[in-house]
Amino acid sequence: MNVTRAFTGRPRVDHAQLPPGQYDAGDDWPVLSAEVTPDLAPADWTFRIDGLVAEPRTWNWEQAHALPASAYEGDIHCVTSWSKFGVRFGGVRLDAFLDAVRPDASATHVVAYSHTGYTTNLPLADITGGRAWIVWEYEGKPLPAEHGGPARLIVPHLYFWKSAKWIAGLRLLDHDEPGFWEQNGYHARGNPWEEQRYSGD
Amino acid sequence: MTDTFVPPTRFAVPGRIAVSNRAAATWQTATLTEIRRETPGAVTFRFAVPEWSGHLPGQHLMLRLTAEDGYVAQRHYSLASPPDDTAHIELTLDHVEGGEVSGWFHTVARPGDSVEVRGPLSGFFAWPGDRPALLVGAGSGVVPLMSMLRHHRARALDVPLRLLVSARGPEELIYAREYGAETTPVFTRTAPEGMAVGRLAAAHLAPLLAERPPGGWEAYVCGSNGFAEHASRLLVEAGQPVDRIRIERFG
């Protein structure tokens, strides 16, 4: 351990929900997109799943909202080291979309891509079984554009760069294919509890 | 924000460089060698990092401080120094109110202290010095852009580079003494005699975009989210392609 002289840190409570190297951002919710925020109206939003599936499909805003509603209430963690506790997102479980397209048994990974062209890769197992959502509400209100509105992916058990804003679709693959940040030096999976921040971690 | 603003959704900007996984994954000791005040709120910290593998302007690092009880605080900071500053790096840090890490730097740190760093990180905001660069920054958002400007000067590059830098007033303009003809300062609260006061506007960007260097500008925007939103929209409205804008935001 490399102790920094006279550094004590903030007064802190033992926070079992805080992954290693993270701090509690409190009420802040920093915006960390690398691109220009698109002005995407709900009427123009679509979400498609294709690749290794039996029936590729595209949903529009109304069709997506017709699926069973589901909320995520819990914590989110950004690789830049802030975490945010007890946030509430409203939308639909990703399983509801995936069930409709019937993934092939050979599918192991997905590339999630946004309406801006942003991409991020995920193991299929990380977004099934009630672990991922397409959301359009934050704290009961429409998700703000700078946070990915009208709709974004959330995969709250991974670092938040995996939760693609302005989600446009998923492509199912039988191999892993690095996305935008993963090609720029970030870890392929991004588990906050194992501090998988950068490739090599 | 206007109702009619609809940027084309075709960003997908590739990173500029391949990132070294090894450098990114290894913590190194950085020893503080010099502290320079830039403005009432911002201070530059110079470190000796003997094993530093080098970086490109625009890249950042992760810095960590460790308390005696093992508590660790880590933050991302942009590199201010140019790549040719051998085995030394510089960071310029704002004193954030109640800031855990910036507070230590501004009130405790002195030459001889050591901290840990890993990096350089991320190839997205990097600028190797190969394409015309239109840099737009506010406050300490100018830090990675200054690394680009210093690189441009140190290597006497002839690729065009322009910097628009916004600050509340002249006394808060970081690196004020280093700017030359390539820089246009924008003051939002107070300005020297004869200079306008006001927010970054289309009129500031128009003459720079009108220069149209061969191949067009690669725009780099850095600042608070509010500034980044404002500046990037102005750029798109002025005709800068969405896929030629790179943004680094901080909260």
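Eight rings make up one aromatic cluster here: A:Tyr118, A:Tyr159, A:Trp161, A:Phe180, A:Trp181, A:Tyr186, A:Tyr198 and B:Phe124. Rings of Phe, Tyr and Trp (its six-membered ring) pair if their centres lie within 6.5 Å; planes under 30 degrees apart are stacked, over 60 edge-to-face, and the rest tilted. This is a predicted model, where local features need pLDDT of at least 70, side-chain atom pairs count only at pLDDT 80 or more, and totals for chains, interfaces and linings use all residues. Side-chain values use heavy atoms, with hydrogens and water left out.

**Aromatic pairs**
- Over all chains, the structure holds 25 aromatic pairs.
- A:Trp161 and A:Tyr186 are edge-to-face, because their planes sit at 75 degrees, with ring centres 5.1 Å apart.
- Both A:Trp161 and A:Tyr186 are buried (under 20% relative accessible area; exposed is over 50%, partly exposed in between; 1.4 Å probe, protein chains only).
- B:Phe125 and B:Tyr220 also pair edge-to-face, at 5.2 Å centre to centre and 80 degrees between the planes.
- B:Phe125 is buried at 2% relative accessibility, and B:Tyr220 is buried at 0%.

**Chain A against chain B**
- Contact (heavy atoms within 4.5 Å) links 41 residues of chain A with 54 of chain B.
- The two chains bury about 4000 Å² between them, 53% of it on carbon and sulfur atoms; that is accessible area (1.4 Å probe) lost on being put together, summed over both.
- On the chain A side, A:Arg5, A:Phe7 and A:Val36 lose the most area to chain B, together 18% of what that side buries.

**Salt bridges**
- The rule (side-chain nitrogen of Lys or Arg within 4 Å of a carboxyl oxygen of Asp or Glu) finds three across this interface.
- B:Arg118 forms a salt bridge with A:Asp201, with the closest N and O atoms 2.6 Å apart.

Key:
Residues numbered from 1 in each chain as written. Chains lettered and ligands numbered in written order.
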